[in-house]
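Work through the exercises below with the sequence and the model side by side. Try each task before reading its solution.

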Amino acid sequence: MMELDVSGTVCPIPVLKTKKALDSMGDGEELTVIGDYKPALENITRFVEEHGHTVVSAEETESGFKIVIKK
């Protein structure tokens with residue numbers, strides 16, 4: 001499992017970094033994305049689903065959000 005921290009960035013940067021990380025991974029691998037810009041939670045989730053990946057979990061946290069994606 002790979003972890004990507006996009007804290008300190010605002011859209012579209014978290015989505016672009018998520019795309020880049022997914023592009024470097026093999027099918028079936030999982031990516032955990034954490035960040036502090038809450039609107040990115042919805043944007044990343046939408047991007048992932050539109051590109052055929054699976055959102056295993058997506059939640060707001062005290063400091064921002066956490067999304068687990070399966071490629």
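Predicted model: local features only at pLDDT ≥ 70, side-chain atom pairs only at ≥ 80, totals over all residues.

Residues are numbered from 1 along each chain as its sequence is written, and side-chain values use heavy atoms, with hydrogens and water left out.

**Exercise 1. Determine which residues of helix 1 are buried, and what they pack against.**

Step 1. Helices (H or I, at least four residues) and strands (E, at least two) are DSSP runs, numbered from the N terminus. Helix 1 covers residues 13-23.

Step 2. Apply the accessibility classes: buried is under 20% relative accessible area, exposed is over 50%, and partly exposed lies in between (1.4 Å probe, protein chains only). The buried residues of helix 1 are Pro-14, Val-15, Thr-18, Ala-21 and Leu-22.

Step 3. These residues lie on the same side of helix 1, because they cover an arc of only 125° around the axis. The arc is that of the directions from the helix axis to the C-beta atoms. Lys-20 and Asp-23, on the other side, are exposed.

Step 4. The packing partners of the buried residues are strand 1 (2-5), strand 2 (30-35), helix 2 (39-50) and strand 4 (65-70).

**Exercise 2. Describe the largest nonpolar core and the contacts of Ile-44.**

Step 1. A nonpolar core is a set of buried Ala, Val, Leu, Ile, Met, Phe, Trp, Tyr and Cys residues joined through side-chain atoms within 4.5 Å. The largest one here has 16 residues. Those with the most contacts inside this core are Leu-22, Leu-31, Val-33, Ile-44, Phe-65 and Ile-69.

Step 2. At least two core residues come from each of helix 1, strand 2, helix 2 and strand 4. Helix 2 gives the largest share, five residues.

Step 3. Contact means heavy atoms within 4.5 Å. Neighbours within four places in sequence left aside, Ile-44 touches Pro-14, Val-15, Thr-18, Val-33, Phe-65, Ile-67 and Ile-69.

**Exercise 3. Find where Thr-32 and His-53 lie, and list their contacts.**

Step 1. Thr-32 is part of strand 2 and is buried, at a relative accessible area of 3%. Apart from neighbours within four places in sequence, its contacts are Met-1, Met-2, Glu-3, Leu-4, Lys-66, Ile-67 and Val-68.

Step 2. His-53 sits in the loop between helix 2 and strand 3 (54-60). His-53 counts as buried because its relative accessibility is 19%. With the same exclusion of neighbours within four places, His-53 is in contact with Leu-22, Val-48, Ile-69, Lys-70 and Lys-71.

**Exercise 4. Which salt bridges are formed, and where do their partners lie?**

Step 1. A salt bridge is a side-chain nitrogen of Lys or Arg within 4 Å of a carboxyl oxygen of Asp or Glu. The count is three.

Step 2. Asp-23 pairs with Lys-19, the closest N and O atoms being 2.8 Å apart. Both lie in helix 1, four residues apart, about one turn of the helix. Asp-23 is exposed at 51% relative accessibility, whereas Lys-19 is partly exposed at 38%.

Step 3. Glu-60 and Lys-38 form a salt bridge at 3.4 Å, N to O. This pair links distant parts of the chain, with Glu-60 in strand 3 and Lys-38 in the loop between strand 2 and helix 2, 22 residues apart.

Step 4. Arg-46 and Glu-42 form a salt bridge at 3.1 Å, N to O. They are separated by about one helical turn, because they are four residues apart in helix 2.
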